[in-house]
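Subject: Structure handover

Hello,

Here is the structure for you to look over. My notes on what turned up follow below it.

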Amino acid sequence: MRFTLNRRDLLKASLGAFWAGPVEGRSRVVISRDSALRAAGATPDEKRVLNLLDRALQACFDSDTPVDAWKQVVRPGETVGLKVNGLAGRGTASTSVRLVEAVCERLQQAGVPAKQIVVWDRLTSDLESAGFHDGSLGARVRCIGNDEAGYEDELAVFGRAGSLMSRTLTRTCDAVINLPVLKDHGIAGVTMALKNLFGAIHNPNKYHGNVGDPYVADVYMLPPIRQKVRLTICDAMTAQYEGGPSYMPQWSWPFNGLLVSRDPVALDYIGWQIIEKKRAEKGLPSLRALQREPTWIATAADARHRLGANDPKRIDRVEV
Amino acid sequence: MDRREFLQSAALPSLAVLAAGRAAAAADSDAPFTVEARHYEKLANRKIRCKLCPRECVIDDRERGYCGVRENRGGAYYTLVHSRICAAHIDPMEKKPFFHFAPGTLAFSVATAGCNVNCRMCQNWDISQVRPEQVRATRISPRDLAQLARQYRCPSIAYTYSEPVVFYEYVIDAARAARAVGVKNVVVTGGFIQEDPLRELCGYVDAVKVDLKGITEKFYKDVVNGELKPVLNALVTLRRQKMWTEIVYLVIPTLNDSDQEFRDLARWVRSELGTDVPLHFSRFHPEYLLKNLPVTPLATLERAKAAADAEGLHYVYLGNVPGHPAESTYCPKCRRVVVERAGLTVQSIHLRKGKCQYCGQSIPGIWEV
């Protein structure tokens, strides 16, 4: 089964575009922050994380209530995958369990039963080291790595990318919420929305050449990814401006925020600027000077990909 | 191959699959296959730089290199595929192909997962382009491999199918064990390896076949996801190490099949390696990411051979065209057939102590093992 668009796929893709929001026109990236996020200690406060998420979602969807916002992302009864980033272990530069708990709570209020929420990443061991295992998010939310769920047998192909797709993505999930972390990447420059989907394929190690360009954009174009990812919620509570993707405490800082957008390219562009600003503050050279400027962000926006906007004139940066 | 050998070779795949099934169930962990890598350097902040292949991946803690089979664990670098065999078959030596090394004998042929390039025409991508945990495998220790080769009456072990460079440590250990029991070792590789590890490898193996996939950097960049220059350097190193070497050039319609490329290839071989290095032009079949291209026309292969013959190379062959006269070896002096082949079968050998039985011309190769 090679993934090519037939009539049914086209209809699905159109529906996906409705949910995910059109990438033509203006894109909105919401940044919600809370300087008192960890007033009680190193771990973000549960209620404040939920509040941070609610403010971001409402601003992103112009909604009066958080649940109304979520209802613009998912439909009752759908199976929703939460693609986290668990590579760096718990409490570090991985997606926060607190954030995922908050997302699960709101999804259930929007009509998605707990048993139809699936937290997934490349390896079950990565998920476990980041604090995600069956039972950690309530009795019925499942946590599963691609190594357990397996991959499709046939290649999905776009441009320079040819990969086997995670069965969790292709067979289990109707929709995916992308939950990356705001951080530097030693090869690809940065890793946030687009690159986090390397966790959906069997061969990410093949796609780090040339700073990941065009591979990051090409992988995101693979139909199961493009059709199912509806929203990115980037965990920037602890961000990292150097030394990633492994956790390096000396180069991490408490940004105490989330970046939320329906446009993964715009989110990556804004996130990249945040990292560059922090690097400059710390006296570090720019990513361009280090020959790891994430040029794949522009590639993702080009006429061949059209995954979103990288032109700051077309991006509304909304801070709440 | 006689009837008994054929039956043995037919039985082996099922044996291997059964063994792999057991191993897959038992070995959820990488632990039995994890051995520290031989060629890398430690960097600051628990990073490492791999020094095995010219890519020189700089790898963070808990990450893997391009090959997908080597992992940084806390600042030390490990292969995850030592003894982790995902393919084992008994093949004729001609299938590798080696035409000037032990003709008519069998090679116990093994592979692990992984590769350090990503050729868009790869015929074995289902094992070469996956991570070790994504393919069924069984544990065959170096000593067991040597014993299996003897048990199945294979004078040689071939490290092949995927890319032996990425299971380098296993090749070294297995080759050492094989030599101890009188079994030879041959390597089938893309030649994308640094000089130091290659020189070390030459101390343990008996012959190397290099897939020279193109003769331009553009082809290597666009189709192979690698570089040409290090492969050419590796071929020169092999010659300096006096390693028996044969070259295969897979001819892919529209991508590497121009007269200029055939001439450039033959001229480079003649000037850097000499006229006695066997050069095999092999027919492409559409596979993996190049399913849009046709099978190589026979006329194209014959054009390639004519170009190489015209440059004075003595042993130019055509591959994947069973029954073609260019499968056989001809004496460059008297032009008689000295090794007659049909497909992968050797029909007759007319050599005496490595010389043409008709005119006495020395024919380069390792004819007896």
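Two strands count as paired if DSSP finds at least two bridges between them. Helices (H or I, at least four residues) and strands (E, at least two) are DSSP runs, numbered from the N terminus.

Some ground rules. This is a predicted model: local features need pLDDT of at least 70, side-chain atom pairs count only at pLDDT 80 or more, and totals for chains, interfaces and linings use all residues. Residues are numbered from 1 along each chain as its sequence is written, while chains are lettered from A and ligands numbered from 1 in the order in which they are written.

**Sheets in chain B**

One open sheet of chain B has 3 strands in the order S2-S3-S4, with antiparallel pairing. Its edge strands are S2 (40-42) and S4 (58-59), each pairing on one side only. Strand S3 (residues 48-50) of chain B is joined to S4(B) by 2 bridges, and the two run antiparallel. Opposite B:Ile48 stands B:Ile59 in S4(B).

Another open sheet of 3 strands in chain B has the order S1-S6-S5, again with antiparallel pairing. Here the edges are S1 (35-36) and S5 (70-73), each pairing on one side only. S5(B) pairs with strand S6 (residues 76-79) of chain B over 4 bridges, in the antiparallel sense. B:Asn72 has B:Tyr77 in S6(B) as its bridge partner.

Now a parallel pair. Strand S14 (residues 244-251) of chain B and S15(B) run parallel, joined by 5 bridges. B:Val251 has B:Arg283 in S15(B) as its bridge partner. In strand S15 (residues 279-283) of chain B, 4 of the 5 residues are buried, so the strand is largely enclosed by the rest of the structure. A residue is buried if 20 or more other C-beta atoms lie within 10 Å of its own, exposed if 12 or fewer, and partly exposed in between; C-beta atoms are placed from the backbone.

**A strand pair in chain A**

Strand S3 (residues 117-121) of chain A runs parallel to S4(A), with 4 bridges between them. A:Val119 has A:Cys143 in S4(A) as its bridge partner. In a regular strand the side chains alternate between the two faces of the sheet. From strand S4 (residues 142-145) of chain A, A:Arg142 and A:Ile144 point one way and A:Cys143 and A:Gly145 the other, and all are buried.

**Helix packing**

Axes are lines fitted to C-alpha atoms, for helices over the stretch in contact, and angles run from 0 to 180 degrees between N-to-C directions. Angles under 35 degrees count as roughly parallel, over 145 as roughly antiparallel, 65 to 115 as roughly perpendicular and the rest as oblique.

In chain B, the axes of helix H3 (residues 142-151) and helix H4 (residues 168-180) come within 8 Å and cross at roughly 50°. H3(B) and H4(B) are therefore oblique to each other. Residues are in contact if their C-beta atoms, placed from the backbone, lie within 7 Å. From H3(B), the residues that meet H4(B) include B:Leu145, B:Ala146 and B:Ala149; among their counterparts in H4(B) are B:Tyr170, B:Ala174 and B:Ala177. By class, this contact has 8 nonpolar, no polar and 2 charged residues. Ala, Val, Leu, Ile, Met, Phe, Trp, Tyr, Cys and Pro count as nonpolar, Asp, Glu, Lys and Arg as charged, and the others, Gly among them, as polar.

In chain A, helix H2 (residues 46-61) and helix H4 (residues 97-109) pack at about 60°, their axes 9 Å apart. That makes H2(A) oblique to H4(A). The contact of H2(A) with H4(A) has 6 nonpolar, no polar and 4 charged residues.

**Between the chains**

The contact takes 15 residues from chain A and 17 residues from chain B. On the chain A side there are 5 nonpolar, 8 polar and 2 charged residues.

**Backbone points to check**

Most residues other than glycine have a negative phi, and most peptide bonds are trans. A cis peptide bond joins A:Asp213 and A:Pro214, with omega about 10°. Another cis bond joins B:Lys96 and B:Pro97, with omega about -5°. B:Tyr161 is not a glycine, yet its phi is positive, about 70°. B:Tyr161 counts as buried, with 21 C-beta neighbours inside 10 Å. B:Arg153 also has a positive phi, near 55°. With 13 C-beta neighbours inside 10 Å, B:Arg153 counts as partly exposed.

Best wishes

Terms used. Two residues are in contact if their C-beta atoms, placed from the backbone, lie within 7 Å.
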